[in-house]
Amino acid sequence: MNGTAELIIDGKTLTLPTVVGTEGEVGIDISTLRSKTGAITLDPAYGNTGACKSAITFIHGEKGILQYRGYDIAELAQKSSFIETAYLLIYGELPTAAELTGFSELLTENQMLHQDMRHHFDAFPPKAHPMSILSAMIHASSSYPSAKTRYKTLQEAFPIHAARLISQTRTIATNSYRKAAGLPPSYPKTNLKFTENFLHMMFSLPGEDYELNPEIVRALDLIFLLHADHEQNCSTSTVRMVASSQANVFASASAGVCALWGPLHGGANQAVLEMLQEIHREGDDGTKFLNEVKNKVGNRRLMGFGHRVYKNFDPRAVIIKEQCDKVLATLKKHDPLLAIAKKLEEIALSDEYFISRKLYPNVDFYSGIIMRAIGIPVNMFTVLFAIGRMPGWVANYKEVMDDTDSRISRPRQIYTGETLRSYKPMSERA
Ligand code: ACO
């Protein structure tokens, strides 16, 4: 049942309606605040601000709950696949067999890049970061109409555009790796599933197909699935912000890739590995590093720890940790970085600094180790996150487009600069 909240401002009481979500979270609807009082709310980094209503993903940070469209992440991780989950996120329900086949066919039909896109690839310097290639190429691909389909509106084109984005992000990602590695471009095989094709396109050599290992395929599919959506995080909010101007889905997703790149967000998986490598290089077992973190030496952080929303545990980290052990056992790899990661985790989880700040391992802490074991280069880690997150971005884009009440996003600010003053001629300036 919806209730009200009262706000007293300059002695006047304003009654504001509350909005209650299906899982019981309460929001105070302040949409009339400025028109009725002239005041706005100030919430830097939006820690207390609900920017939209959404029916896609539910997170309860304190309880460590993550649900896509009402399905618990652990159940999906066990029973579903990345592509089935992508359909669920975008279209709201688990697909029937026919719907899943149709969706898979659409992904296959739209997996090839327009031949002219190779010119864009060629223009990047060999050491370009694959995230910069990915965001530029996703944006560029909006210039190439789908070869088979003509459409009148963005809504009509949506299923094709969604399929192109999910499928071609994988094609762009693998080819950006191959370009950097000096390998010839690779092409998807129609008989392989999404994640199998990713591995094939990354690692097959001319005349020598990559040998697919089911445990590796499963681990990577799981990484994609666990990253598929995460509510109103930095990149998804960026996608929604751009979508609110009615920009197309390619422009919106490309902006999401840019937001994801930062080390405090999707770039954290790369940062985790670099941190472990540095600790290893210095001959430390993690103890010295953690002391520096706690003493805030050089503002160091334990990368892969902490989350704005999860304050007890990240349910994705629990699932991925188990898979990490399986992959290392399958590949019979003893990774010294894993030993350091385990030591860091062990110390941090019983240390007052981390306990009092509710800092726990997040999904990036373990996904980096799996990706390294598979042979994915470190600078591709965040790209894999982007491949996984694409269905979530697409689903959020769709939600914005389908919302007939949607308005362009336009936050306010509290101005803290100079008040009005007169222009000084050059001769009077100090
Ligand atoms: N290591 C050490 N200290 C930390 C860490 C960390 N990883 N994270 C937060 N803290 C400390 C801060 O220094 C601060 O301490 P103080 O109270 O003494 O000043 C306190 O914890 C609160 O930190 P905030 O920055 O206010 O927390 P916020 O919720 O804004 O940050 C974030 C969340 C960005 C994820 C942060 O925990 C962090 O930087 N983690 C490392 C990067 C990372 O793993 N990012 C991936 C996030 S998950 C994802 O995007 C998939």
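Let's start where helix 3 meets helix 4. On the helix 3 side, Ile 83, Glu 84, Ala 86, Tyr 87, Ile 90 and Tyr 91 make the contact. Their partners in helix 4 are Glu 99, Leu 100, Phe 103, Ser 104 and Leu 107. Contact here means heavy atoms within 4.5 Å. Helices are DSSP runs (H or I, at least four residues), numbered from the N terminus.

By class, this contact has eight nonpolar, one polar and two charged residues. Ala, Val, Leu, Ile, Met, Phe, Trp, Tyr, Cys and Pro count as nonpolar; Asp, Glu, Lys and Arg as charged; the others, Gly among them, as polar.

A word on the source. This is a predicted model: local features need pLDDT of at least 70, side-chain atom pairs count only at pLDDT 80 or more, and totals for chains, interfaces and linings use all residues. Residues are numbered from 1 along each chain as its sequence is written, and side-chain values use heavy atoms, without hydrogens and water.

For Arg 301, the distance is 2.7 Å. For Lys 296, the distance is 3.0 Å. For His 265, the distance is 3.1 Å.

Note on methods
Polar contact = N/O pair within 3.5 Å; in protein donor to acceptor, adjacent residues only side chain to side chain. Helix = DSSP H or I, 4+ residues; strand = E, 2+ residues; numbered from the N terminus.
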